[in-house]
Number of protein chains: 2
Amino acid sequence: MITLTERQSLILKAIVRDYTEGGNPVGSKSLVQELPMKVSSATIRNEMARLEDLGLIVKTHLSSGRIPSIRGYRYYVDHILKPEKVDSRDLKVIQHSLGGEFHKIDEIVAQSADILSQLTSYTTFTLRPELKDSRLSGFRLVPLGNHQVMAILVTNNGDVENQTFTIPNDLSGDELEPVVRFIDDQLIGLPLQDVLRKLQHEIPLKLAKYLQDPDGFLDIFGSVLSKAASERFYVGGKLNLFNYTDQNDPKELQSLYSLLDQTDSLANVIGPPGQHIQVRIGNEITNDLLKNYSLITATYDVDQHGKGMIAILGPTAMPYSRMIGLMGAFQRELARKLLDYYRYFDE
Amino acid sequence: MITLTERQSLILKAIVRDYTEGGNPVGSKSLVQELPMKVSSATIRNEMARLEDLGLIVKTHLSSGRIPSIRGYRYYVDHILKPEKVDSRDLKVIQHSLGGEFHKIDEIVAQSADILSQLTSYTTFTLRPELKDSRLSGFRLVPLGNHQVMAILVTNNGDVENQTFTIPNDLSGDELEPVVRFIDDQLIGLPLQDVLRKLQHEIPLKLAKYLQDPDGFLDIFGSVLSKAASERFYVGGKLNLFNYTDQNDPKELQSLYSLLDQTDSLANVIGPPGQHIQVRIGNEITNDLLKNYSLITATYDVDQHGKGMIAILGPTAMPYSRMIGLMGAFQRELARKLLDYYRYFDE
DNA sequence: TATTAGCACTCTCATCCATAGAGTGCTAAT
DNA sequence: ATTAGCACTCTATGGATGAGAGTGCTAATA
């Protein structure tokens with residue numbers, strides 16, 4: 001466990017701030033001018049040598065100024081940083097953007113990624129409250145004529161999932177009635193996860209009583225169901241990658257862009273909803289492509305409707321205190337908006 | 001009107017080919033070795049000087065080899081190039097990718113953009129057959145409970161458009177019946193475009209007889225209708241931008257990326273469906289951002305179901321003859337697949 | 001014992017050659 | 001009309017050089 005003196009702590013803090021703002025290694029002379037105490041540059045140099053021994057700062061070459069190491073950022077985030085109160089203009093932007101009318105949870109969550117990327121000029125991710133805990137509250141099969149039928153699934157949270165299928169023969173409403181009745185009787189009110197599980201065993205057996213050939217229907221039902229139960233992931237500010245990545249390495253930029261299209265890899269990186277706000281720096285992130293960046297993740301809680309996540313990807317040299325303040329505010333506003341939205345469907 | 005001698009034409013052709021393949025300016029010595037006739041490099045140099053006077057090739061600096069100018073590519077495309085027969089493996093890839101089962105026109109068209117970008121390693125665009133000429137063949141309002149209703153619109157081409165709305169009070173099927181009957185009686189069979197026009201005048205008046213407060217319904221109907229009638233645009237191979245743009249100019253890359261997200265600007269660039277295959281080179285493209293690139297567009301024709309477009313964006317130094325051959329094949333295969341698909345809904 | 005002034009040392013960055021290599025245009029000969 | 005020969009131009013590469021920024025160390029100081 002590292003403990004720093006008051007002065008060392010101030011020096012580390014100044015180095016982090018200067019480097020984050022200016023982007024250049026920080027030398028002892030410039031530090032003298034900024035620090036509150038009256039000491040010479042030589043003293044600062046001695047202290048810096050100690051911070052370097054502790055692994056908190058590093059040189060880019062033998063005689064350069066210092067920049068914070070991963071451990072340095074870590075210490076800064078854990079022990080020095082105080083979350084900045086969110087800027088009132090930023091708060092207004094958030095509230096205004098979430099204030100509009102939405103017809104879907106996913107619209108709210110997708111828009112959140114965009115707002116957050118706009119406020120931070122970084123890249124952001126949002127994950128909606130998990131659907132697998134939602135309960136099935138309705139299932140419809142609407143014949144559309146022309147060999148088409150639309151399957152619609154509704155959850156108790158007001159989420160609607162639908163899909164159109166092409167079928168060999170047109171169906172009338174009458175033929176579909178027993179199926180819909182079966183669903184109503186047996187499955188409504190169950191968590192989607194349970195329905196999904198039953199789809200493997202019970203349902204096919206029971207359904208055989210109602211339908212001669214249940215396979216076609218099961219395909220349809222299963223497809224809409226798993227679409228509804230799948231996690232959904234939104235990315236905002238892809239273009240911002242150009243602002244904070246290494247401009248001289250187009251290969252890396254391309255890999256990152258490609259990563260942003262792989263929802264599943266990203267979902268692994270962000271991880272499942274956890275506690276509060278978490279900061280992962282550099283190689284603390286499990287994905288090698290991101291080992292030069294930082295990731296701030298936050299879980300938001302919508303009571304019985306589950307938990308979702310928001311995340312910011314940016315450079316390791318990030319204004320952490322502003323970001324953490326912003327995340328806190330966003331977390332609250334988003335949860336509030338979603339509660340509002342859900343309340344509508346709870347009667 | 002420029003006319004070239006046989007030999008000049010061969011030289012231009014060789015310069016275009018070499019530069020496209022190697023990416024370096026082409027000098028007289030290397031040309032001597034490739035050209036079928038036995039002449040010295042000095043003769044080639046004299047001919048090259050004449051081609052330069054005609055504005056077909058240029059130097060990158062005073063004593064460099066030559067590269068084709070925009071006019072040079074133009075001449076090559078118009079008078080020299082012969083479309084290459086499509087590679088049989090490429091054809092198989094196309095047929096295989098389009099061979100699967102699709103539930104929507106838009107899926108086919110979106111996938112087309114992906115296949116084409118994969119085959120070319122450039123960026124591609126596809127535009128589906130225009131919807132505004134489709135006819136309305138069905139409209140449904142499905143009450144979902146929980147203050148929600150889904151509006152579904154079906155066209156004679158089997159296109160389905162749907163949207164979920166949040167409404168103040170739950171509706172029963174009975175209340176919706178007169179509205180649906182009205183649509184059935186008055187609007188079915190009309191082109192979407194006409195319906196859209198009537199929505200401004202006739203419909204509100206007539207509907208007033210059926211409903212006390214038609215405004216809410218008109219909003220819903222109008223929203224789904226215009227969503228259905230809007231053009232849809234797909235982009236494939238965004239990542240390929242990294243392969244053929246100037247690696248040293250991240251600003252430009254960023255602008256291009258941003259352009260690819262602006263469906264409307266792009267639609268303007270591609271233009272409305274025209275005749276056959278068209279090649280636009282460099283500043284012949286109306287968008288300034290693309291003045292260093294080439295655009296090949298092709299219109300595909302699905303008979304009475306309208307016309308759509310496919311396009312390839314790549315560097316001016318593109319293997320035009322392969323690309324044009326590929327476009328031709330793709331055009332045919334896509335039209336065939338769509339005709340197949342539509343046939344299903346024509347009974 | 002903590003601090004500091006002074007100095008030798010290291011590394012980066014920009015600038016300035018020098019040179020090799022590729023290619024051209026021109027001239028005079030064929 | 002073609003070509004050999006040559007002077008010339010421009011690029012790309014690889015040192016060499018010097019200014020600037022910053023460090024570590026030593027010896028003196030409070």
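The area buried between chain B and chain A is about 3200 Å², and carbon and sulfur atoms give 58% of this; buried area here is the accessible area (1.4 Å probe) that two parts lose on being put together, summed over both. In chain B, the residues that lose the most area to chain A are B:H103, B:N146 and B:Y344, which together account for 17% of what that side buries. The model is predicted, with local features needing pLDDT of at least 70 and side-chain atom pairs counting only at pLDDT 80 or more, whereas totals for chains, interfaces and linings use all residues. Residues are numbered from 1 along each chain as its sequence is written, chains are lettered from A and ligands numbered from 1 in the order in which they are written, and side-chain values use heavy atoms, with hydrogens and water left out.

Contact (heavy atoms within 4.5 Å) joins 36 residues of chain B to 36 residues of chain A. No salt bridges are found across this interface, a salt bridge being a side-chain nitrogen of Lys or Arg within 4 Å of a carboxyl oxygen of Asp or Glu. Polar contacts, by comparison, link 11 residue pairs across the interface, both residues at pLDDT 80 or more. A polar contact is a pair of N or O atoms within 3.5 Å; within protein, one must be able to donate a hydrogen and the other to accept it, and residues adjacent in sequence count only if both atoms are side-chain atoms. On the side of chain B that touches chain A, two or more residues each come from strand 4 (136-145), strand 5 (148-155), strand 6 (160-166), helix 11 (241-244) and helix 12 (250-260) of chain B. Helices (H or I, at least four residues) and strands (E, at least two) are DSSP runs, numbered from the N terminus.

Around DNA strand C there are 21 residues, of which A:S40, A:T43, A:H61, A:S63 and B:S28 come nearest; a residue is near the strand if one of its heavy atoms lies within 4 Å of it. Sugar or phosphate accounts for 80% of the atoms of DNA strand C within 4 Å of the protein, and bases for the rest. For A:S40, a backbone N or O atom lies 2.8 Å from a phosphate oxygen. Helix 3 of chain A gives the largest share of the surface near DNA strand C, four residues.
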